[in-house]
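Subject: Structure for your review

Dear colleague,

Please find the structure below. My notes on domains, helix packing and a ligand shell follow it.

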Amino acid sequence: MLTKAIAILGSTGSIGKQTLEVVDQHPQALQVVALAAHSNWQELLEQTKKYKPSLVAMMDSTGAQELAQALYEQAIDVPVMVGEEGLIAVATHEQADTVVTAVSGAIGLRPTVSAIEQGKNIALANKETLVAAGALIMDMVKEKGVSLLPVDSEHSAIFQCIQQQDCEQARLILTASGGPFRDYSLEQLKKVTAEDALRHPNWRMGPKITIDSATLMNKGLEVIEARWLFDVDFDRIDVLIHPQSIIHSMVEFTDRSVIAQLGLPDMRLPIQYALSYPQRWESCWPKLDLTTLTGLTFQQPDYKRFPALELALEAGRADGSMPAVMNGANEVAVHAFLQRKIGFMDIPKIVKETMNRHEWVAKPQLAHIQEADQWAREFAISMVKLTREDSE
Ligand SMILES: NC(=O)C1=CN([C@@H]2O[C@H](COP(=O)(O)OP(=O)(O)OC[C@H]3O[C@@H](n4cnc5c(N)ncnc54)[C@H](OP(=O)(O)O)[C@@H]3O)[C@@H](O)[C@H]2O)C=CC1
Ligand SMILES: CC(=O)[C@@H](O)[C@H](O)COP(=O)(O)O
Ligand SMILES: [Mn+2]
């Protein structure tokens, strides 16, 4: 078995740590060469001691200083880089052949672009990158001849379902848990707190994606992600609420045969598959016991109670700079909700208003996308302020 050298962007987060658990299970197959995080220097210090990467980076300068000091005191000789430059250095590290993109948010875009430019293969968890700049990323992937494999559970499922299949005219069926508020009324949704929204019924994930799951924005982002990963039109992608999160997604082929991928809600499986593909490595994670399931149920999503899903689909169909704007506004609104500055239903309101005010660009280059993202964030911040003033 050849050893794969991996760099991880966001190694201290939910996906990052689970990637390292996969490394622990397959130390002969996977070697960690570079790690990056935002500010959690204590966790990155422990990871550095255990995995002995050749380079580490932190976005936050205070965190980087603390980490460098601690490494120095413990006589560990590893360079520490800082800021976006540091993330890019990790993503393009000369020893890395694969980059696991596990940061949260569009901050992952620039390092991912640099990694592809340098011929690195990508194991993509950071869906916001593909949402903001799908056309650009997929063109670069083709041009550079690198692979970009999905880590996101639904996309991993679809990727597994389509192997060696004739996918012409196939329909993708993305499953969604429905989140913690699946059966809430609009009135109830207006009153939910961040604590309520952070209680995902099936998955333990970072805060941003957990809120996106509660608004169903996560599923909207995933439809756009699927559109780019599998090169299908929006009218061939369906979303189906499946509260048990056992079927991770399905594909309906032209002959009406439906292939589904099943498993326990455990991200280590799709992470491992993105790193082992085309092989399947052994796992020691808990097994799905079909006899314990009390039922697999499905229902249509409700776009009225969960307008974020509709907004994401609208942005995806508009294409150009709109998905980056929708995503940037959503990141700001989710952050404000987590800081208890706005209500749950203010999230889609702010995203909608930001999209309405955007001056659309048809075929944006990277600089246009970054500009649109920046504009969206500033506009959304002003909307957060207005929303707060109105509620006082
Ligand atoms: N968690 C899951 O099960 C799934 C996640 N995903 C996607 O994977 C990505 C990561 O999600 P998740 O692991 O849950 O998120 P977490 O919040 O758990 O972790 C985020 C990671 O990114 C780092 N980070 C955050 N902001 C920055 C920044 N500005 N600069 C550099 N590093 C940063 C964090 O560092 P620090 O710890 O220092 O703050 C941390 O290492 C997201 O795009 C998400 O949508 C997709 C499918 C499933
Ligand atoms: C684990 C994973 O892939 C998440 O994106 C998950 O899908 C979130 O759950 P929802 O189906 O509730 O969005
Ligand atoms: Mn997912």
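How many residues of domain 1 are in contact with residues of domain 3? Eight residues of domain 1 contact eight of domain 3, where contact requires C-beta atoms, placed from the backbone, within 7 Å. Helix α6 (residues 127–144) supplies the largest share of the domain 1 side, five residues. That side divides into six nonpolar, one polar and one charged residue.

This is a predicted model, in which local features need pLDDT of at least 70 and side-chain atom pairs count only at pLDDT 80 or more, while totals for chains, interfaces and linings use all residues. Residues are numbered from 1 along each chain as its sequence is written, and chains are lettered from A and ligands numbered from 1 in the order in which they are written.

The domain assignment (automatic or from a database) gives domain 1 (4–151), domain 2 (153–264 + 288–313) and domain 3 (319–392). The C-alpha centres of domains 1 and 3 lie 27 Å apart.

Helices α10 (residues 207–215) and α14 (residues 322–338) pack at about 100°, with axes 10 Å apart. The two are therefore roughly perpendicular (65 to 115 degrees). Pro207, Lys208, Ile211 and Asp212 of α10 meet Val334, Phe337 and Leu338 of α14.

Around ligand 2, the shell (C-beta atoms, placed from the backbone, within 6 Å) includes Asp152, Trp203 and Lys219. Elements giving two or more residues to this shell are α7 (153–161), α10 and α11 (217–230); helices are DSSP runs (H or I, at least four residues), numbered from the N terminus.

Yours sincerely

Note on methods: Axes fitted to C-alpha atoms, helices over the stretch in contact; angles between N-to-C directions. Parallel < 35°, antiparallel > 145°, perpendicular 65-115°, else oblique. Contact = placed C-beta atoms within 7 Å. Nonpolar A, V, L, I, M, F, W, Y, C, P; charged D, E, K, R; others polar.
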